[in-house]
There are 2 protein chains.
Amino acid sequence: MVDRLVVIGGDAGGMTAASQARRRRDADDLEIVVFERSGFTSYAACGIPYFVGDVVQDPDDLVARTPEEHRRRGIDARIHHEVSSIDVSDHAVVVRDLHAETEHRQHYDDLLVATGAVPRRPDIPGIDAEGVFGVQTLDDGMAVRRFVDEQHPETAVVIGGGYIGLEMAEALVRRGLHVSLLEQLPQPMSTLDPDMGALIADAMRGMGIDVVLETAARAVELDGRRVRAVATDGASLPADIVVLGLGVTPNGELAAAAGIEVGETGGIVTDDRMETRSARVWAAGDCVEVRHRVTGKPGAFALGTHANKEGRIVGINVTGGDARFPGVIGTAITKVCELEVGRTGLTESEAGEAGFDAVAATIETTTRASYYPDSAPITVKMVAERGTGRLLGAQIVGREGAGKRIDTTAVAVWNEMAAGDIANVDLSYAPPLSPLWDAVLVAARRVAEMV
Amino acid sequence: MVDRLVVIGGDAGGMTAASQARRRRDADDLEIVVFERSGFTSYAACGIPYFVGDVVQDPDDLVARTPEEHRRRGIDARIHHEVSSIDVSDHAVVVRDLHAETEHRQHYDDLLVATGAVPRRPDIPGIDAEGVFGVQTLDDGMAVRRFVDEQHPETAVVIGGGYIGLEMAEALVRRGLHVSLLEQLPQPMSTLDPDMGALIADAMRGMGIDVVLETAARAVELDGRRVRAVATDGASLPADIVVLGLGVTPNGELAAAAGIEVGETGGIVTDDRMETRSARVWAAGDCVEVRHRVTGKPGAFALGTHANKEGRIVGINVTGGDARFPGVIGTAITKVCELEVGRTGLTESEAGEAGFDAVAATIETTTRASYYPDSAPITVKMVAERGTGRLLGAQIVGREGAGKRIDTTAVAVWNEMAAGDIANVDLSYAPPLSPLWDAVLVAARRVAEMV
């Protein structure tokens, strides 16, 4: 008898699992059905700001594999199909065909829940008005772009200075809008320590963005049905368009309603094989919570990289393999204006909250030898545990070539290296690519002197 | 009584040690005398090709600290002073003042030998002719540049396709010369496997360099006293200037003559505190041999990064501290034409020679998300041990942003990570800086499938 794998959600987590399972078991052995609510599969959600900003022109470029391509590879990918409930005791899901407006029940042997995440929405008047956009799915991205292309907004307010918020602010500046960024905290990008976040605020202001800090949105003001401004405790900020940049929360509702365990983070709980507490129900992607290797605690980290890795692990495990997800260390990177911004492990604040006795050091050097043309500033902050010297985290802000150095520190955090040992690692050096003491070594040496 | 530290050689190893020692002990407690044969201290030898190529215009830019600056910091730096012999039993050196043409005997309590390296010279007729240059010291670099500026050579032959050879070939192309690169092996850059070296050869040819492989220089042909061509078994290659790019060997002669132990590599033997087998005689920089952490064997690795780290360790240890040099893993990087080229650990060939049962995988992907502008090719080769999966080495060739990814793999090699584990590490991703699966992860996954 042919087994059936049903996948809810046709983006990174779901489709990576489906593809991996397909490679490991043939169609006459395993049927794979994917239900995707939107019209797209396997798209690069992280690319949306660049599509809105017209850095990427064709939305098809963001689609790694269309439903047709998946079907040709033996995966029954059904778009515009929404799963409305899961019955774990009966091993079935109820599926709604959004075009035909019909509903049917689909049995599964294995089920993968890959329902992604939803943008955080502040609970303020007017938030559901026309012209207010979350940015999570490719549909969202196309809606924002269409609005910009057709309605020609002149002013924008981005509520929230997280990754997507910053990237969208820059995208809208590229499109000629006057942009205000509204952030409740003293600095944008709260995943960095405030001193590092300040570098980002400066860069954004340098690009003409009105960065409004320590200020909350109180209401979206309307002109008829359309957004006109965002009210704050201070000034009202003009806005022909509002974009939500407050980050996302795991979309665990469908799972929770079915009795599949969801953690405090809102993410679905799985073991390291990505199986939920309900047998033969798996979960992957932005809808799950995973273990942070430094704190040991679960967290929700909405990132395509994790979704892909987790999906791959599910694809292996549902086909009889044994793959394990080793957890995350909170690595992230982005490009804001001309700055590359990376982080991994814990910030100084996070280390304190997690109960570590931590020290921190910040250094500034250059991306290349100082005498080499286009040598540019790079600032590295490292956080280490007092006593052991263990590297707990790193943050990097700098110009071209700076950002990817975060991966060097990520591997060090992953291996629980002591800062003093990192300072002696054999890293590469050539004048066009690094000063003699690479920024990572300088920072490690500095923080090692403090532990 | 004031102790005296005598340092032979005023570049990276010597001056880093002197500076570190000075920071740790005051001048009324420790006298520090440095003898440097040339007219420069603390210069960036690695920057010489960029000075010759006119990427850097002022040789002073390559000098991190002048003799005067060192003296102001309490280091008695004496340029144009050559140590002609060491008497370890009497704790003294014989020093020749090259300007005054006088000689004196200098007592030391601690001695640091930091005599650097010398360019390899093929033993062929005419090699000592005018117009043939090794490139090791800043004096060498200035001599090459002066020759190019004043003699206006039109053709050049670079003998040997090592790092300096490739960098000098490119520099001379920049200066408008027609350049031939002569390499005995099937590919330039023999520190890479041949398949990766082939990518370099292609790039060099694309820049108009005549890459002549599997061909040895037989003689330097003269026109009077001046070089005219380089004879090979095949064609004679026109050369108004000849540059040696065969790499360097440790300059251990002075030490060996004094009975200080020198290893098979030609480098001075030290313990991990950088002390030689002769008590209170230390060594650092290109003149020493150090342990390769992957093979466990000693090797000579002439690189400013090692010299600086070793010098710093000597500076700490001669002043009562206890610092240890942990060895190297053969990390190196360069920029050749538009390619960034990095390596770490062992190549496939080296792994075989070292007795490892090794597998290798090569992948090609892009430096950024494929849909993002200026996304460029990156090729990564990884070598792993069969059975354990341990990463033994990595090589990277690619365009802008590719090279420094070698550091990520270097930390993985350093920690003896298995390729399968590396494939799951939380590395950074954002479309302007990386595809979703970073090249390092893709390569690790591929080689993990083979072990």
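**The layout**

Chain A splits into domain 1 (3–45 + 61–117 + 250–317), domain 2 (121–246) and domain 3 (332–448), with bounds that come from an automatic or database domain assignment. Taken over C-alpha atoms, the centres of domain 1 of chain A and domain 3 of chain A are 36 Å apart. Please keep in mind that this is a predicted model, in which local features need pLDDT of at least 70 and side-chain atom pairs count only at pLDDT 80 or more, while totals for chains, interfaces and linings use all residues. Residues are numbered from 1 along each chain as its sequence is written, and chains are lettered from A and ligands numbered from 1 in the order in which they are written.

**Where the chains meet**

- The contact draws 52 residues from chain B and 52 residues from chain A, where two residues are in contact if their C-beta atoms, placed from the backbone, lie within 7 Å.
- On chain B, helix 8 (304–317), strand 21 (332–336), strand 22 (339–345) and helix 10 (406–414) each give at least two residues to the side that touches chain A; helices (H or I, at least four residues) and strands (E, at least two) are DSSP runs, numbered from the N terminus.
- Helix 10 of chain B provides the largest share of that side, seven residues.
- Sorted by class, the side of chain B that touches chain A holds 30 nonpolar, 14 polar and eight charged residues (Ala, Val, Leu, Ile, Met, Phe, Trp, Tyr, Cys and Pro count as nonpolar, Asp, Glu, Lys and Arg as charged, and the others, Gly among them, as polar).

**Glu340(B), a residue to look up**

- Glu340(B) sits in strand 22 of chain B.
- Glu340(B) counts as buried because 26 other C-beta atoms lie within 10 Å (buried takes 20 or more other C-beta atoms within 10 Å, exposed 12 or fewer, and partly exposed is in between, with C-beta atoms placed from the backbone).
- Not counting residues up to four places away in sequence, Glu340(B) touches residues including Leu433(A), Lys335(B) and Arg399(B).
- Glu340(B) and Arg399(B) are 59 residues apart in sequence, yet 5.7 Å apart in space, C-alpha to C-alpha.

**Helix 8 in both chains**

- In chain A, helix 8 (residues 304–317) has 14 residues and reaches 20 Å from its first C-alpha to its last, close to the 20 Å expected at 1.5 Å a residue (the expected span is 1.5 Å times one less than the number of residues).
- Helix 8 of chain A is mostly covered, with 14 of its 14 residues buried.
- In chain B, helix 1 (residues 12–24) packs with helix 8 at an angle of about 35 degrees, the axes being 7 Å apart (axes are lines fitted to C-alpha atoms, for helices over the stretch in contact, and angles run from 0 to 180 degrees between N-to-C directions).
- Among the residues making this contact are Ala17(B) and Ala21(B) of helix 1 of chain B, and Ala307(B) and Gly311(B) of helix 8 of chain B.

**Two positive phi values**

- Most residues other than glycine have a negative phi.
- Ser42(B) has a positive phi near 45 degrees and lies in the loop between strand 2 (30–36) and helix 2 (48–52) of chain B.
- His80(B), although not a glycine, has a positive phi of about 55 degrees, and belongs to the loop between strand 3 (76–79) and strand 4 (81–87) of chain B.
- Is each of these buried or partly exposed? Ser42(B) is buried, with 23 other C-beta atoms within 10 Å, whereas His80(B) is partly exposed, with 15 C-beta neighbours inside 10 Å.
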